[in-house]
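Visitor: I would like to learn how to read this structure. Could you walk me through it, feature by feature?

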Amino acid sequence: MPTSSDSRPAGDPPPRPDSLTGQPLPGDAGRPPPVLRLQEVAAGYGAAAIVSGVSISAGPGEVVSVIGPNGAGKSTLLKAVTGRLPVMTGTVTFGSRDITNMRGHRLARMGLGFVPQTKDVFDTLTVTENLEMGGYLLTKPQLTARIEAVLSTFPALAEMRSRTASKLSGGERKMLAIARVLMLEPAVLVLDEPTSNLSPDLSRAVLRDQVRRLADSGTAVLLVEQKAFEALGVSDWAYILVAGRIEIAGPASEIVARPDIRQVFLGQSVQDATPGSPAHDLNSSPRPS
Ligand SMILES: Nc1ncnc2c1ncn2[C@@H]1O[C@H](COP(=O)(O)OP(=O)(O)OP(=O)(O)O)[C@@H](O)[C@H]1O
Ligand SMILES: [Mg+2]
């Protein structure tokens with residue numbers, strides 16, 4: 001259980017998602033019981049709430065997307081979930097444990113990994129050193145084994161173990177950021193725009209080959225993306241965040257198939273919805289009025 005203690009001895013892996021005990025949510029028929037759950041969360045900067053009334057969840061094996069235009073509050077929401085910003089009202093639970101306003105390092109110990117939108121790796125450290133930082137709770141033999149395991153899923157990184165992170169390409173850097181967080185085998189992985197600054201082809205590769213595969217291995221993935229259609233394509237469930245509030249929630253396949261939602265919330269007509277078209281990126285569309 002992730003709920004018994006956040007002070008696991010060094011080397012103990014976080015609990016796997018199937019040991020978590022969230023309750024199924026009304027209106028979420030067919031979804032796994034949530035491992036990460038937000039209820040009526042408000043968060044922002046100073047006294048001003050940027051997001052409010054946000055109730056979302058993610059269960060083991062799911063990719064759950066939060067999509068929305070620039071400035072909608074996506075990063076603000078993730079920062080609050082992962083202890084970088086205060087939750088003003090509402091609750092965040094991990095399994096059956098209340099983790100509202102718990103700090104990031106405690107969450108990492110419990111099995112909640114976060115890849116932020118920026119500052120996602122240590123620029124001056126090598127690939128291997130970044131991975132060692134990510135596995136800071138592990139014993140030396142475990143660290144060595146885990147680095148090999150993580151690098152086996154990122155063969156491109158394995159070729160450049162001693163390269164300094166600042167010298168990696170955008171795609172390699174993002175892979176390292178994800179790999180670093182995977183060092184502790186998180187039950188929940190929170191990703192803030194893993195495809196930002198990546199080419200369309202690389203974006204699709206990261207989402208399909210890395211993000212989807214992680215969920216298929218049992219991880220609950222909460223994904224924030226501006227590349228709405230690419231994100232929906234690998235997601236099980238999706239929420240559309242507009243001006244700090246969840247406007248739409250539902251199966252990703254249904255959201256992407258609804259022309260009215262596409263036009264109003266995703267700023268895209270059905271005809272536009274071809275991969276690689278400029279309108280494919282939500283950020284290139286006007287905000288809904
Ligand atoms: N440190 C800060 N202090 C005050 N306001 C902030 C701060 N960071 C973000 N904001 C404001 O909060 C709002 C939401 O920003 P946020 O970064 O959460 O949006 P986002 O949906 O992640 O956008 P993007 O898609 O561009 O990453 C914006 O109006 C932004 O200007
Ligand atoms: Mg953001």
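Guide: Gladly! The protein has 10 helices and 10 strands, where helices (H or I, at least four residues) and strands (E, at least two) are DSSP runs numbered from the N terminus. This is a predicted model, in which local features need pLDDT of at least 70 and side-chain atom pairs count only at pLDDT 80 or more, while totals for chains, interfaces and linings use all residues. Residues are numbered from 1 along each chain as its sequence is written, and chains are lettered from A and ligands numbered from 1 in the order in which they are written.

Visitor: What share of the 289 residues is buried?

Guide: First the term: a residue is buried if 20 or more other C-beta atoms lie within 10 Å of its own, exposed if 12 or fewer, and partly exposed in between, with C-beta atoms placed from the backbone. Here 46% of the 289 residues are buried.

Visitor: And how do I read a sheet? Which order do the 6 strands of the open sheet have?

Guide: Start from pairing: two strands pair if DSSP finds at least two bridges between them. The 6 strands are arranged as S6-S7-S8-S3-S9-S10, and their pairing is mixed. S6 (112-115) and S10 (245-251) are the edge strands with a single partner each, so one side of each has no neighbour in the sheet. On average, neighbouring strands are turned by 15 degrees against each other, direction ignored. For angles like those that follow, axes are lines fitted to C-alpha atoms, for helices over the stretch in contact, and the angles run from 0 to 180 degrees between N-to-C directions.

Visitor: In which sense do S3 and S8 pair, parallel or antiparallel?

Guide: Strand S3 (residues 63-67) and strand S8 (residues 220-225) are parallel, with 5 bridges. Look for Ser65, which stands opposite Leu223 in S8.

Visitor: Which strands of this sheet does helix H1 touch?

Guide: Contact has its own cut-off: two residues are in contact if their C-beta atoms, placed from the backbone, lie within 7 Å. Helix H1 (residues 74-81) touches S3, S7 (188-192), S8 and S9 (237-242), and its direction makes about 150 degrees with that of S7. Helix H6 (residues 170-182) lies across S6 and S7, at about 165 degrees to S6.

Visitor: What is the order of the 4 strands in the other open sheet?

Guide: That order is S2-S1-S4-S5, with antiparallel pairing. S2 (48-58) and S5 (97-98) are the edge strands, each pairing on one side only. Strand S4 (residues 87-94) pairs with S5 over 2 bridges, and Phe94 has Arg97 in S5 as its bridge partner. H1 packs on this sheet too, touching S1 (36-45), S2 and S4, and its direction makes about 115 degrees with that of S1.

Visitor: How many of the 8 residues of H1 are buried?

Guide: 7 of the 8 are buried, so to read H1 as mostly covered is to apply the cut-off given above. Among the buried residues are Lys74, Thr76 and Leu77. After H1 comes Gly83, with a positive phi near 80 degrees.

Visitor: Which residues surround ligand 1?

Guide: A residue is near a molecule or strand if its C-beta atom, placed from the backbone, lies within 6 Å of it. The shell of ligand 1 includes Tyr45, Ile50, Lys74, Gln117 and Gln226. H1 gives the largest share, 3 residues. For classes, Ala, Val, Leu, Ile, Met, Phe, Trp, Tyr, Cys and Pro count as nonpolar, Asp, Glu, Lys and Arg as charged, and the others, Gly among them, as polar. The shell has 3 nonpolar, 8 polar and 1 charged residues.

Visitor: How are two packed helices described?

Guide: By the angle between their axes and the distance between the axes. Helix H3 (residues 127-134) packs with H6 at about 35 degrees, the axes being 7 Å apart. In their contact, Leu131 and Met133 are among the residues of H3, and Leu176 and Val181 among those of H6.

Visitor: Is Lys119 buried or exposed, and what of Glu185?

Guide: Lys119 is exposed because it has 8 C-beta neighbours inside 10 Å, whereas Glu185 is buried, with 20 other C-beta atoms within 10 Å. Lys119 is in the loop between S6 and H3, and Glu185 in the loop between H6 and S7. Phi is positive, near 50 degrees, in Lys119 and likewise near 50 degrees in Glu185.
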